[in-house]
Amino acid sequence: ELAGPLKLAAHQVLRSFVNHYDAVAMLKMYPLHLLSAAQLDALLQAAGAEPGRRFKAALDIGGGDGSMASALLSPRADAVLITETSKRMAKLAAAKGTLRAANVDLSADAYRGNPPRELSALGRPDLALMLNVLDRTNRPQTLLERLARFMAPDGLAIIASPLPFRGAYYEGPFVRRQAEKVEFSEFFAASALGAHVQGPDEEPTDWDRQAAWMLDRGL
């Protein structure tokens, strides 16, 4: 296995031929962990979930190599599905054996009416994660609308994106501009979503205020 500096060099070479995430998957560059179990529990409870609630079906959109879903969703849900636009990331996720993975883009025209067969087999999810995805997909507004339509009526979604929001997506080795903007004009002029688990002695940040705004609206 390549050491750190060699991996970085290999990544730069591969990026001339494949997209960033496929290159990362090929080299197994880093684990994809964005939340701790305690942080997820805090967010779920803030959204109204009972402590220790067991979910029927969990969906991780853009779930990468499955690290997050295996650590956070598998212990909380009867069935877990990852969707990934990177074929190689989806393959890594499926290899974990504790969840299902599908190489699909839920914002694609093919799913304008019905969800992909893998999501239909899962059932309507009552828990979903979409972490650091909205700024890296071509049609973020469509993706949000599809998520809302495909989820169970009482489902909970945790959605986050880096701030400031700089939207782009990968098409092979090329970086493209997004075709859509996320419309949240009531709140920040910059279309962005975020969540920060505030400590008891911390002043609320913009991330906290934005997360509170989303939770108040059931987003």
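# Reading a parallel sheet and its surroundings

Modeller: In this predicted model, leucine 59 has alanine 128 of β4 as its bridge partner.

Biologist: In which sense do β1 and β4 pair, and over how many bridges?

Modeller: As a general idea, the strands of a sheet pair through backbone hydrogen bonds, in either a parallel or an antiparallel manner. Here β1 and β4 pair in the parallel sense, over 4 bridges.

Biologist: In what order do the strands of the open sheet stand, and which strands are at the edges?

Modeller: The open sheet is formed by 5 strands in the order β3-β2-β1-β4-β5, with parallel pairing. At the edges stand β3 (100-102) and β5, each of which has a single partner strand, so one side of each is left without a neighbour in the sheet. From one strand to the next, the twist averages 15°.

Biologist: Which strands does helix α3 touch, and across which strands does α7 lie?

Modeller: Helix α3 (residues 37-46) packs on the sheet, where it touches β1, β4 and β5, and its direction makes about 120° with that of β5. Helix α7 lies across β1, β4 and β5, and runs at about 170° to β4.

Biologist: Which residues of α7 are buried, and what do they pack against?

Modeller: The general idea is that an α-helix has 3.6 residues a turn, so residues three or four places apart point the same way. In α7 (residues 140-150), the buried residues are Pro140, Thr142, Leu143, Leu144, Arg146, Leu147 and Phe150. The buried residues of α7 pack against β1 (55-61), α6 (117-122), β4 (127-131) and β5 (156-160).

Biologist: Where is proline 125 placed, and is proline 125 buried or exposed?

Modeller: Proline 125 sits in the loop between α6 and β4, and it counts as buried because its relative accessible area is 0%, the cut-off being under 20%. Leaving aside neighbours within four places in sequence, proline 125 is in contact with Ala57, Leu59, Leu119, Phe150, Met151, Ala152 and Gly155; Leu59 is the residue whose bridge partner in β4 is alanine 128, and Phe150 is one of the buried residues of α7.

Biologist: Which side chain of opposite charge is nearest to arginine 15, and which backbone oxygen does the arginine 15 side chain reach?

Modeller: Arginine 15, in the loop between α1 (4-14) and α2 (20-27), is buried yet has no salt bridge, the nearest side chain of opposite charge being aspartate 22, 9.2 Å away. The arginine 15 side chain does, however, reach the backbone oxygen of proline 173 at 3.2 Å. Not counting residues up to four places away in sequence, arginine 15 touches His20, Ala23, Tyr170, Gly172, Pro173 and Val175.

How values were computed. Residues numbered from 1 in each chain as written. Predicted model: local features only at pLDDT ≥ 70, side-chain atom pairs only at ≥ 80, totals over all residues. Heavy atoms only, no water. Buried < 20%, exposed > 50% of the residue type's maximum accessible area, 1.4 Å probe, protein only. Helix = DSSP H or I, 4+ residues; strand = E, 2+ residues; numbered from the N terminus. Contact = heavy atoms within 4.5 Å. Lys, Arg positive; Asp, Glu negative; His and termini not counted. Salt bridge = Lys/Arg side-chain N within 4 Å of Asp/Glu carboxyl O. Polar contact = N/O pair within 3.5 Å; in protein donor to acceptor, adjacent residues only side chain to side chain. Pairing = 2+ DSSP bridges. Axes fitted to C-alpha atoms, helices over the stretch in contact; angles between N-to-C directions.
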